[in-house]
Amino acid sequence: MLTAFFVMGFVGSWNDVQGPLTWLEELPTLSYGIYAYEQMAKYFANEPIYFAGVILSIIPVVILFIFFQNAIMNNVSIGGLKG
């Protein structure tokens, strides 16, 4: 159960854009960089670079899921309703 909470918390903080923008203006994170590039790309689109950044930001989350998929899926199925 704690492993599932850890992985879910990591994914939530990894995808956070507003927190680093508010508190760490001088030290932007990768997710904020992708967000800023997406906002700029509305006017000047360079899609291969954008999608390369998206793939790089997904890699840590996928690796965590691969290692802890059994713990996550077991905890998800426990909460279901039985009829």
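Trainee: What makes the pattern of the protein α-α-α-α?
Mentor: Read along the sequence, the protein follows that pattern, with four helices and zero strands in its secondary structure. Helices are DSSP runs of H or I with at least four residues, strands are runs of E with at least two, and both are numbered from the N terminus.

Trainee: On what basis are such features reported?
Mentor: This is a predicted model, in which local features need pLDDT of at least 70 and side-chain atom pairs count only at pLDDT 80 or more, while totals for chains, interfaces and linings use all residues. Residues are numbered from 1 along each chain as its sequence is written, and side-chain values use heavy atoms, leaving out hydrogens and water.

Trainee: Why is Ala4 called buried?
Mentor: Buried means under 20% relative accessible area, exposed means over 50%, and partly exposed lies in between, with a 1.4 Å probe and protein chains only. Ala4 has 8% relative accessibility, so Ala4 counts as buried. Ala4 lies in helix H1 (residues 2–14), and its C-alpha is 9.6 Å from that of Phe65, 61 residues apart in sequence. Buried residues make up 17% of the 83 residues in the protein.

Trainee: Why does Tyr32 count as partly exposed?
Mentor: Its relative accessibility is 22%, and therefore Tyr32 falls in the intermediate class. Tyr32 belongs to helix H3 (residues 30–41); its C-alpha is separated by 8.6 Å from that of Asn15, 17 residues apart along the chain.

Trainee: Why is Ile55 classed as exposed?
Mentor: Ile55 is exposed because its relative accessibility is 53%. Ile55 lies in helix H4 (residues 47–78).

Trainee: What makes the nonpolar surface patch that includes Ile55?
Mentor: Patch residues have over 30% relative accessible area and no salt bridge; like charges are joined within 9 Å, and nonpolar side chains (Val, Leu, Ile, Met, Phe, Trp, Tyr) within 5 Å. A salt bridge is a side-chain nitrogen of Lys or Arg within 4 Å of a carboxyl oxygen of Asp or Glu. The patch covers about 970 Å², and its members include Ile55, Leu56, Phe65 and Met73. Areas come from the Shrake-Rupley method with a 1.4 Å probe; for residues, only the protein chains shown count as cover.

Trainee: Is Ser57 buried or exposed, and why?
Mentor: Ser57, in helix H4, is buried because its relative accessible area is 14%. Its side chain reaches the backbone oxygen of Val54 at 2.8 Å.

Notes. Polar contact = N/O pair within 3.5 Å; in protein donor to acceptor, adjacent residues only side chain to side chain.
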